[in-house]
Amino acid sequence: MGCAIWTEKLDACIDGELPADDACALHEHLRGCPACTAELLRLSQQKSAVHAAALAFAPDPAFRARIQARIRTSSTPHRPSLRNWRWLPILATAAALLLLIAGVLTLRHDARSDAQLVSELVDQHVATLASSNPVDVISTDRHTVKPWFAGKIPFSFNLPELQDSPFTLAGGKLSYLGQSPGAQLIFNIRQHRISVFVFQDRDTADAPQRDLSDTTLAFEVRSWRHNGLRYFVIGDASPQDIDKLSALIKAAG
Amino acid sequence: MPLFDRLYNFAHWLTQNREEAEDLVQETFAKALNGFSSFRPGTNFRAWIYQILRNTFLTSRTGLQATATMPLDLDHDQEILPVAEKTPESILLQRSDQQLVRRALAKVPVPYREVLLLCEFEEMSYQEISALLVIPMGTVMSRLSRARRALRNAIQESQGS
């Protein structure tokens with residue numbers, strides 16, 4: 001019947017993992033093959049049956065409370081008793097050493113995660129430039145673009161007045177970073193496009209409030225934190241232009 | 001607590017026992033808290049915590065027993081299990097009975113059960129499953145296919161009995 005090569009692909013088909021070419025060819029085959037069609041139907045019914053039946057066990061509320069309590073305790077730092085003052089110099093030295101190590105580690109970690117974030121956002125900026133639909137909301141009016149994000153992202157931000165500046169707003173679109181939604185705004189200056197990304201600052205107050213000014217793959221990158229939000233300005237315009245736009249946005253925020 | 005209910009459900013399916021599932025989840029959260037610095041922001045948190053749970057399970061007594069009794073030819077390139085089917089539209093078309101599916105799922109070997117849960121319930125992609133189980137993509141596909149057939153046979157057996 002020549003079905004052998006297809007039966008192997010039926011699982012991938014119901015999981016949505018079949019490459020487009022194979023999917024077309026499979027659909028062609030299914031038109032003339034009742035056996036494979038019935039098998040595909042059975043597989044997809046079994047998939048939904050397992051999906052429906054799999055959520056079978058709920059945690060006991062007492063167990064949940066126990067784990068929650070444990071998490072709370074472990075996130076509260078333990079303080080050693082200082083009643084015995086003899087230990088104070090040793091403790092102080094140890095604490096200073098620990099702080100130093102933690103500081104170095106945090107800085108290294110921060111630098112690494114910043115580099116990751118920036119490279120991901122540069123990719124998103126390039127993809128936007130290459131796209132035939134670079135923005136989801138097309139408007140030069142900040143009073144149109146800002147409300148468009150209402151309800152789509154879990155925060156709000158201010159857009160600068162651009163009337164006396166060389167920049168124009170082209171529009172905006174939803175963006176994601178580390179599974180969190182954020183805003184991507186596109187500004188034009190002459191022939192250049194600049195992306196401004198705004199995300200919730202997930203690193204909280206513990207993270208160093210360090211601004212970032214960098215050139216990655218010839219893109220100018222600026223980043224800063226303000227009011228629980230993290231801003232990234234990325235573009236191939238001149239460093240002066242990028243600084244100017246960053247200053248406008250900072251002033252608006 | 002992120003993913004708590006789903007992790008517990010997955011742990012219970014692996015261990016088949018409430019107390020052991022609780023121990024497993026508790027240890028997973030403890031390890032996750034201690035090792036949170038090893039989590040790279042921007043990567044898949046769900047995959048990371050499931051990986052901890054699974055590794056913890058595999059080194060537990062139940063996990064070691066489950067893997068010790070695992071069929072050796074689990075992923076070997078051999079004929080896919082035939083299905084002892086009645087008529088094409090039987091069994092799963094009458095899928096009203098969730099208990100039947102649950103009983104069958106509990107019967108299939110752990111490696112099959114876990115791949116089924118990750119794919120059907122957690123809706124992970126083949127790539128995520130491959131990274132989580134540390135097996136090649138091709139093996140994910142063949143194991144999933146065998147797991148589905150094994151489950152279908154188990155459902156039919158449960159129905160027949």
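This is a predicted model: local features need pLDDT of at least 70, side-chain atom pairs count only at pLDDT 80 or more; totals for chains, interfaces and linings use all residues.
Close-up 1. Between chain A and chain B, 19 residue pairs are in polar contact, with both residues at pLDDT 80 or more. On chain A, helix 1 (4-14), helix 3 (34-54), helix 4 (61-75) and helix 5 (88-130) each supply at least two residues of the side that touches chain B. Helix 3 of chain A gives the largest share, 14 residues. By class, this side of chain A has 17 nonpolar, 12 polar and 11 charged residues.

**Close-up 2. Salt bridges between chain A and chain B.** The count is eight. One of them joins the side chains of Arg64(A) and Asp5(B), at 2.9 Å from N to O.

**Close-up 3. Buried area between chain A and chain B.** The two chains bury about 4000 Å² between them. Carbon and sulfur atoms carry 57% of it. In chain A, Arg42(A), Gln46(A) and Phe57(A) lose the most area to chain B, together 17% of what that side buries. The contact takes 40 residues from chain A and 42 residues from chain B.

**Close-up 4. Aromatic pair Phe57(A) and Trp13(B).** Over all chains there are 11 aromatic pairs. In this one, the ring centres lie 5.1 Å apart and the planes meet at 70°, so the pair is edge-to-face. Phe57(A) sits in the loop between helix 3 and helix 4 of chain A, and Trp13(B) in helix 1 (residues 4-15) of chain B, so the pair joins two chains. Phe57(A) is partly exposed, at 22% relative accessibility. Trp13(B) is buried, at 1%.

**Close-up 5. An aromatic cluster with residues of chain A and chain B.** Phe63(A), Phe4(B), Tyr8(B) and Phe29(B) make up one cluster.

Technical notes:
Residues are numbered from 1 along each chain as its sequence is written. Chains are lettered from A and ligands numbered from 1 in the order in which they are written. Side-chain values use heavy atoms; hydrogens and water are left out. Contact means heavy atoms within 4.5 Å. Buried area is the accessible area (1.4 Å probe) that two parts lose on being put together, summed over both. A salt bridge is a side-chain nitrogen of Lys or Arg within 4 Å of a carboxyl oxygen of Asp or Glu. A polar contact is a pair of N or O atoms within 3.5 Å; within protein, one must be able to donate a hydrogen and the other to accept it, and residues adjacent in sequence count only if both atoms are side-chain atoms. Helices (H or I, at least four residues) and strands (E, at least two) are DSSP runs, numbered from the N terminus. Ala, Val, Leu, Ile, Met, Phe, Trp, Tyr, Cys and Pro count as nonpolar, Asp, Glu, Lys and Arg as charged, and the others, Gly among them, as polar. Rings of Phe, Tyr and Trp (its six-membered ring) pair if their centres lie within 6.5 Å; planes under 30 degrees apart count as stacked, over 60 as edge-to-face and the rest as tilted. Buried means under 20% relative accessible area, exposed over 50%, partly exposed in between (1.4 Å probe, protein chains only).
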